[in-house]
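Subject: Structure handover

Hello,

Here is the structure for you to look through. My notes follow below it.

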Amino acid sequence: RRATGRGRCDLLQALHATEFASLNGDVRLLTPDAVEGWSDLVHCPSQRLLDRLVRRYAETKDSGSFLLRNLKDSERMQLLITLAFNPEPLVLQSFPSDEGWPFAKYLGACGRMVAVNYVGEELWSYFNAPWEKRVDLAWQLMEIAEQLTNNDFEFALYLLDVSFDNFAVGPRDGKVIIVDAENVLVADKRLIRQNKPENWDVWYESKFDDCDKEACLSFSKEILCARVTVDHNYYAICQNLLSRHATWRGTSGGLLHDPPAEIAKDGRLEALLDECANPKKRYGRFQAAKELREYLAQLSNNVR
């Protein structure tokens with residue numbers, strides 16, 4: 001449609017009549033102003049992120065260079081189209097499981113078909129697993145939220161779509177992995193510190209969203225892109241997966257439903273989950289998320 005005004009055409013030929021073609025030719029670098037807003041991945045891109053995407057783009061013989069002109073025309077077009085229409089493969093390549101990121105492993109592509117490793121059953125199938133298992137999975141989910149929010153690379157990866165179907169669990173190692181990475185927004189904290197947008201250093205608290213539907217999340221992409229300290233990932237995991245507010249396929253109570261009597265009586269777990277999903281105190285979610293990680297670690301003997 002962008003190329004010819006009609007819906008049916010040969011995609012590869014039509015691409016050259018679209019705005020994507022203007023980035024082809026002798027363009028040296030992929031720059032933020034060229035691709036900003038194309039997809040969640042590049043809603044607010046930094047040059048550092050784009051260099052990483054190009055350098056790690058696997059579908060080229062010259063992988064390892066961040067110069068666009070080192071890619072063949074067809075490779076460059078494929079990269080641009082992927083970035084605009086389904087950035088998931090680029091998330092998996094740029095933040096690979098081999099380096100400890102909690103995503104499925106990218107194996108390769110053939111045309112527009114992408115292969116990733118099969119992780120295991122989705123998280124949903126563990127909804128009624130034994131309590132110890134569910135505690136361990138909940139702890140891992142909170143650790144993922146922490147890793148994506150605070151890491152040495154100073155990229156914050158915010159999950160904009162969080163549901164029981166978007167995570168899977170390895171059958172052998174019991175490891176939780178993100179298997180749907182299409183809606184991931186990447187904010188470069190280094191760039192935010194450098195540009196200092198308004199209120200950049202004020203901690204941002206996500207608003208609880210009680211919308212009576214499954215997997216609701218309220219967020220502002222603009223704010224995620226403009227603050228260094230954001231509690232979005234903790235909020236998304238607590239509200240949509242762990243707390244009593246989590247509803248999925250007709251169930252309620254979240255992954256940590258029906259705790260053993262002594263834990264229910266103690267009340268600490270419920271209090272932490274409530275504060276993490278729907279905080280009553282200012283900055284309460286940040287504190288609750290930290291304490292919840294420690295408490296779940298203690299419960300599942302994951303003490304380091």
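Predicted model: local features only at pLDDT ≥ 70, side-chain atom pairs only at ≥ 80, totals over all residues.

**The hairpin**

Strand 1 (residues 106-110) meets that definition with strand 2 (residues 113-116), because the two are joined by four bridges. Their pairing is antiparallel. Two residues sit between the strands of this hairpin, and G111 takes a positive phi near 65 degrees there. Across the pair, G108 stands opposite A115 of strand 2. Is C110 buried or exposed? C110 has a relative accessibility of 62%, so it counts as exposed.

**The disulfides**

How many disulfides does the structure hold? There are two. A disulfide is a covalent bond between the sulfur atoms of two cysteines.

One joins C44 to C225, with an S to S distance of 2.1 Å. C44 lies in the loop between helix 2 (32-35) and helix 3 (47-55). C225 lies in the loop between helix 8 (221-224) and helix 9 (232-242). The pair therefore ties together parts that are 181 residues apart in sequence. The torsion about the S-S bond of C44 and C225 is about -80 degrees, so this disulfide is left-handed. Both C44 and C225 are buried.

The other disulfide is formed by C238 and C276, with sulfur atoms 2.0 Å apart. C238 belongs to helix 9 and C276 to helix 11 (residues 268-277), so this bond ties together parts 38 residues apart in sequence. Which hand does the disulfide of C238 and C276 have? The torsion about its S-S bond is about 85 degrees, so it is right-handed. C238 is buried, at a relative accessible area of 0%. C276 is buried too, also with a relative accessible area of 0%.

**Around L273**

Helix 11 also contains L273. L273 has a relative accessible area of 7%. The cut-off for buried is under 20%, so L273 counts as buried. Which residues does L273 touch, leaving out those up to four places away in sequence? They are L242, S243, L256 and L292. The C-alpha atoms of L273 and C238 are separated by 6.5 Å, although the two residues are 35 apart along the chain.

Strand 5 (residues 167-169) and strand 6 pair over three bridges. V169 has V176 in strand 6 as its bridge partner.

**Strands 4 and 7**

Strand 4 (residues 155-159) pairs with strand 7 (residues 184-188). The sense is antiparallel, over five bridges. F155 stands opposite D188 in strand 7. How many of the residues of strand 7 are buried? Five of its five are, and strand 7 is mostly covered. In a regular strand the side chains alternate between the two faces of the sheet. V184, V186 and D188 point one way from strand 7. L185 and A187 point the other way. All of these residues are buried, D188 included.

Best wishes

Methods
Residues numbered from 1 in each chain as written. Heavy atoms only, no water. Disulfide = S-S within 2.5 Å. Buried < 20%, exposed > 50% of the residue type's maximum accessible area, 1.4 Å probe, protein only. Contact = heavy atoms within 4.5 Å.
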